[in-house]
Amino acid sequence: MAESRPKIGFLVPLRNSQEEDEPSSIPVFKGPNVLGRSDLSLLDKRVSRKHVSFNTSADGSIEMVVEGSNPVIVQSGLERKRLNCHDKATICHGDIIEMIPGNFSYKYKTLESEKHESPEKHSEERTTLKRKRQILDDEALAQSLQEEFWTNNDVPVTANRDSSNPVDLALSCDQLEPICHFNVPKEKISFTFQLLQVQGIPTWANTSSVSIGDVIQGNVLMAVLSNYMVDIDWLMSACPVLRKVPHVLVIHGESGHSLEQMKEKKPQNWILHKPPLPISYGTHHSKAMFLVYPHGIRVVVHTANLIYVDWNNKSQGLWMQDFPLKDETNLQGRCYFETDLVEYLSALKWAEFSVKHPDFGNVSINASFFKKFDYSSAMVRLIASVPGYHSGSNLKKWGHMKLRDVLQDCSFGNEFIRSPLVYQFSSLGSLDEKWMAEFASSTSSGLSDDKSPLGLGKAQIIWPTVEDVRCSLEGYAAGSCIPSPQKNVEKDFLKKYWAKWKAKHTGRCRAMPHIKTYTRYNGQNLAWFLLTSANLSKAAWGALQKNNSQLMIRSYELGVLFLPSTVRGQSPGFSCTDNGGSSQGASKQLGTSEGSKVKLVTLCWQGNGSTNSSPEVIKLPVPYQLPPLPYASEDVPWSWDKRYLKKDVHGQIWPPRS
């Protein structure tokens with residue numbers, strides 16, 4: 001800009017990736033102005049050399065035109081407007097410009113307004129800016145590490161990066177602004193899953209996220225808490241309502257000293273049970289809650305251990321739905337969800353105990369007890385693993401063969417023919433190419449609209465790099481919950497699978513993933529999506545033996561599978577906690593018109609105005625970027641048994657000094 005012209009205002013950075021002590025303002029002069037990458041002192045090549053142009057007015061307002069190939073966001077008061085190339089907007093005093101959606105924000109201030117503001121206000125505003133920058137630092141630090149791809153490639157964000165899939169023309173999450181206003185209406189919670197709240201990330205990133213207190217609430221008569229690790233002291237402090245629950249059954253995977261501590265700390269009315277493990281090196285790993293209320297049951301399937309760090313510092317997911325008691329006309333009615341649930345609970349083999357229920361009197365709590373509830377409105381299918389050697393009619397009951405069996409009966413749009421797959425998890429087993437092909441046969445199952453097989457999809461494994469862990473909220477300590485040894489991670493055949501953990505749109509770049517998800521996608525459209533406790537291992541998913549006639553599984557796992565077909569029909573309105581549990585709420589028909597289908601999409605999906613509000617579109621808060629970005633040559637997958645001498649964000653090395 002020519003400094004000889006009169007200055008009418010300036011742009012104050014609200015977010016500065018250079019991390020200067022004081023943000024430097026950018027002057028706006030009378031007449032035409034052009035702002036680009038060099039003017040803003042940015043290296044990010046998503047910002048064009050000629051990014052926006054300004055034309056000033058006598059009253060200090062400016063007309064802005066987007067000149068670059070990438071969109072710009074203008075925030076005026078509570079309204080945020082997205083501008084694409086050649087779009088115009090009037091910018092007034094106090095408006096905020098995001099040069100890239102969610103990035104490089106500047107507040108416009110006129111010179112005239114500055115003259116009337118006191119020094120005290122300036123000082124207060126600078127303090128506010130510093131505080132805001134501190135809040136954003138968590139996200140900005142991870143961004144600066146994970147956006148190196150863009151600084152070395154002068155390509156617009158609108159480029160399609162997944163050239164392996166010729167039909168994938170949809171936008172990547174990385175191209176879109178952060179999801180600041182995602183809310184799940186109460187009546188839609190069972191249609192989707194929710195992310196757990198994380199400390200130390202921007203406030204907007206916890207929108208519609210849940211804590212354990214949001215889940216375990218109300219007049220709970222009996223609770224079954226299924227998990228691997230359980231910290232009873234933390235659990236009681238985080239969820240004090242548990243102190244009032246008359247009967248609590250904890251199904252766990254603890255042993256040794258940890259189990260002895262649990263026995264010492266548990267209240268007298270709590271029962272501990274570790275399910276049988278008939279095959280060595282297995283564990284009880286399922287993470288679920290079954291909360292019985294006077295009028296129904298709340299079923300919760302999630303990914304977090306019952307410990308502090310899992311519910312506060314990591315990326316996690318949780319699904320829940322409330323189901324009413326069966327009425328007298330439907331006592332014998334069954335559905336897939338009930339059959340799968342009761343068979344899974346039967347395999348846990350806990351000792352029966354008695355509970356007083358207001359409708360049934362004293363009842364024995366065993367697997368059959370759970371047949372008393374009406375699961376016909378279930379919005380998901382259960383995919384479980386149970387240890388054992390499964391053959392005959394049980395071959396397709398558990399593990400990846402159960403997933404294969406369910407998907408084989410489903411039809412998906414032609415856009416998912418040979419579409420890619422994502423495997424995302426927090427622990428990698430000892431794998432080989434033969435098993436990966438076996439697993440891909442299951443995850444690639446399904447039919448297209450014309451009833452032909454979808455065909456094999458190319459899989460990517462989303463896995464944190466060493467730099468991701470080093471710069472995470474917990475630093476290297478986060479790597480202790482990504483417990484895969486070097487011998488499992490650094491196999492040559494895995495190199496073609498690696499993809500980055502990029503979660504900018506959900507504000508979770510630095511919240512290391514403990515969530516486990518598997519999906520088939522095209523752009524931001526999802527054929528299906530699985531939220532589960534199962535990591536990528538033979539122990540969790542099972543391995544075929546004896547000429548594919550037997551499936552050997554070592555561990556217990558539990559997950560929920562989202563399918564377009566499971567959300568066809570009535571929207572559930574029942575709640576265990578509203579109005580004493582008797583509210584049925586409003587039911588709404590979904591996807592029942594001729595030729596109509598329910599559509600599963602990510603939060604980054606962009607539909608037209610009418611479709612976006614349609615109940616037939618179900619948005620799932622997939623925390624990571626789709627399509628995933630493959631590892632660059634310098635990226636190293638995290639292994640927890642290697643030594644790392646470069647200090648993390650807390651000044652520690654790995655393993656930590658004793």
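In this predicted model, the loop between β7 (79-83) and β8 (88-91) contains H86. The backbone of H86 has a phi near 80 degrees, a positive value in a residue that is not glycine. Most residues other than glycine have a negative phi. The relative accessibility of H86 is 58%; because the cut-off for an exposed residue is over 50%, H86 counts as exposed.

A further positive phi occurs at Y281, where the angle is about 70 degrees although the residue is not a glycine. Y281 also belongs to a loop, namely the one between β14 (270-273) and β15 (288-293). With a relative accessibility of 75%, Y281 is likewise classed as exposed, since the value required is over 50%.

Most peptide bonds are trans. In the model, however, the bond from L626 to P627 is cis, and its omega is near -10 degrees. P627 lies in the segment after β33, a strand that spans 617-620.

Which two residues does the cis peptide bond with omega of about -5 degrees join? The residues are W654 and P655. P655, too, is placed in the segment after β33.

Definitions and conventions:
Residues are numbered from 1 along each chain as its sequence is written. This is a predicted model: local features need pLDDT of at least 70, side-chain atom pairs count only at pLDDT 80 or more; totals for chains, interfaces and linings use all residues. Side-chain values use heavy atoms; hydrogens and water are left out. Helices (H or I, at least four residues) and strands (E, at least two) are DSSP runs, numbered from the N terminus. Buried means under 20% relative accessible area, exposed over 50%, partly exposed in between (1.4 Å probe, protein chains only).
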